[in-house]
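Morning, everyone. Please have the sequence and the model open while I talk.

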Amino acid sequence: MKFIPPRPEEPTEYPKTRPEHWYDKEYAGWHIGKKRQPPPPETGPEGKRIAALLAGDHPYQREYIRGLREAALKKGMVLSIYNAGWDPELQDQQVEAIIEDKPDIVILMPESNEDSSYLYRRLYEAGIAVIASNMLPEDDGFPYILSWTGPDDWEQTRQLSRHFARLMNHEGGYAIVTHLPGTSPYYARAWGAITELAECAPGMKLLEMASAGLNRQKTCDMVLSWLVKHGTKLKGIISADDNTSQLGINDALARYGRADLIRVANGSTPVGIALLRNGSLNAITWQDPVQDGTLPVKTAVDWFNGLEIEPITYLPVRIIDKASLDRFVREDTPFGEIETDDLICGIIEGSTTLISHFFNRLLMDYTNHPAADREYCIGFLIEILSDLLSLVKKEELDKESLTGGYANLHRQLFKQKSPEDLIDWLRKLSLAISEELIQRSDSSIARRLINYVDQNYSAPLSLKTLSQQFQMSASYLGKLFREEAGESFSFYLNRTRIDRACHMFKTSSLNAGQVGIAVGFTSRSYFFRNFHKAMGITPVEYQESLRRQSDL
């Protein structure tokens, strides 16, 4: 939870355009009660439909969409993306279309933050769960949403402002190129800077503050006018955008011959990173757009699994400069090559070696990667927890005895003090689930084997190959199968294939030999022999009898 300090006295020396309640803008949502939310389905994320409504096109949003898509694909969810093109009327229409379509959940990044509360309420009244993303809702919008995920814009801007003040030696005039008025980044990235600098660098003076609509040419023209007006009194510029706005700032400085100005910006787009690398930008906030897009999908996954979700989840806060750039801008990501399939396989097989190896790799990745802080680690481990809970459901284990219930499980996760503790806690849970699977009766194993045959009858199957998968000898597996099914494995497999062949004769136009191969027999003659043994007639005779019946 974010620490909420006592409400400060209203400052008197800020420009007249300041919001009346800037403090409430920073801590929006923390004191707001929720309406009764739609109940979670608790059936897991696979196959669920997500509708993501986005504000418009921007390099940041393109990377954000990549995060959405990758996270949804990984969990087998169906993602539909609606882009409003910075048109509030179009976004209203898209909301109405989504209400008609009734997806399982909506992720909403509003075009206008001040008008977004109506959209949240409209979706809520239609019975659709909503996760607000990236732009912080107004207070009257918070009661209608499940959760909000996104950057801690205010804290990012405060840390950036302190870094800016140090670069400015805590003195001199500065200007702010703001975000789009009416959006949460506008307030955070302007008033977060103003209030922080008033506190930590009272010798600095705000000379200008305005938005150029995230337009490069308009930003260039605006900054040129500031340079003409203030001359050398203007020592530094804070930009709410490290992309088009920052390019416009740099264009103006180049034309005016002022490479000496200190420049910092919110954002970490490829453009901003390149400017930081070549020295034409001094510092940026580290805000990964892909991770920003991933976060609401992860929250949706938790909700689909019945987990308790936080009302607000922030991205990690960092400031990077040229010296620290290479530590954070890496092609790889923490835990990037680790797949939970290895863990699930180890749990099912009862292999403590595989389970330990999986978590040892996690710990190594965390230790060796600077971006893997506690928040990032929690986000990834919640994904693992989600997969473990899906396994518990699939195997019909007693979730209460294993986990103490979903709400308690979530609380236990957030009680862990360090990433090392988190990893160890999940290791123990994985071992407990594996032990529970091992202790299940042999008849349960046989039922799983029967289900496997029912689903994979057309594949090459034998007790010898299955014994490797089920980690049992072929003879013992055959004994368990006969006890559960009442017949031998080979007899059951052939009977299942014959039943499927009869169904295919009724529903397809394949000839007898093609049907035999389709249901898993290795040759036409072997299929004919087994079919005649089971049905008393040949497959061709069976087909002819079906034709005669259809002609009657």
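Find helix α8, residues 244-256. Helix α8 lies across β6, β8 and β9 (262-265). It runs at about 170° to β9. Some terms, before we go on. Axes are lines fitted to C-alpha atoms, for helices over the stretch in contact, and angles run from 0 to 180 degrees between N-to-C directions. Helices (H or I, at least four residues) and strands (E, at least two) are DSSP runs, numbered from the N terminus.

A word on the source. This is a predicted model, where local features need pLDDT of at least 70 and side-chain atom pairs count only at pLDDT 80 or more, while totals for chains, interfaces and linings use all residues. Residues are numbered from 1 along each chain as its sequence is written, and side-chain values use heavy atoms, with hydrogens and water left out.

Now the sheet with those strands. What is its strand order? It goes β7-β6-β8-β9-β10-β12. That is an open sheet of six strands, with mixed pairing. Two strands pair if DSSP finds at least two bridges between them. Strands of a sheet pair through backbone hydrogen bonds, either parallel or antiparallel. At the edges stand β7 (204-211) and β12 (319-320). Each has a single partner strand, so one side of each is left without a neighbour in the sheet.

Look inside this sheet. Strand β6, residues 172-178, pairs with strand β8, residues 234-239. The pairing is parallel, over five bridges. Val177 stands opposite Ser239 in β8.

On to the other sheet. This open sheet also has six strands, in the order β2-β1-β3-β4-β5-β11. Its pairing is parallel. The edge strands are β2 and β11 (312-314), and each pairs on one side only. On average, neighbouring strands here are turned by 20° against each other, direction ignored.

Is strand β1 mostly buried or exposed? Five of the six residues of β1 (residues 49-54) are buried, so the strand is largely enclosed by the rest of the structure. Buried means under 20% relative accessible area, exposed over 50%, and partly exposed in between (1.4 Å probe, protein chains only).

Which strands does β1 pair with? One is β2, residues 78-83, in the parallel sense over six bridges. There, Ile50 has Leu79 of β2 as its bridge partner. Another is β3, which runs parallel to β1 and is joined to it by four bridges. Leu53 stands opposite Leu108 in β3. Helix α4, residues 116-125, packs on this sheet. It touches β3 and β4 (130-133), and its direction makes about 180° with that of β3.

Stay with α4. Helices α3 and α4 pack at an angle of about 10°, with their axes 10 Å apart. They are therefore roughly parallel to each other. The cut-offs: angles under 35 degrees count as roughly parallel, over 145 as roughly antiparallel, 65 to 115 as roughly perpendicular and the rest as oblique. From α3, the residues are Gln91, Asp92, Val95, Glu96, Ile98 and Ile99. They meet Tyr118, Leu119, Arg122 and Leu123 in α4. Contact means heavy atoms within 4.5 Å. This contact divides into six nonpolar, one polar and three charged residues. Here Ala, Val, Leu, Ile, Met, Phe, Trp, Tyr, Cys and Pro count as nonpolar, Asp, Glu, Lys and Arg as charged, and the others, Gly among them, as polar.

Next, another helix pair. The axes of α2 (residues 59-74) and α10 (residues 289-304) come within 6 Å and cross at roughly 40°. So α2 and α10 are oblique to each other. Residues in the contact include Tyr60 and Leu68 of α2, and Pro289 and Val297 of α10. By class, nine are nonpolar, three polar and four charged.

Two loop residues to check. Most residues other than glycine have a negative phi. Trp86 has a phi near 60°, a positive value. It lies in the loop between β2 and α3 (88-101). Trp86 is partly exposed, at 29% relative accessible area. Lys102 also is not a glycine, and its phi is positive, about 55°. It sits in the loop between α3 and β3 (105-108). Lys102 is exposed, at 51%.

Last, the whole chain. It has 24 helices and 12 strands. Of its 552 residues, 54% count as buried.
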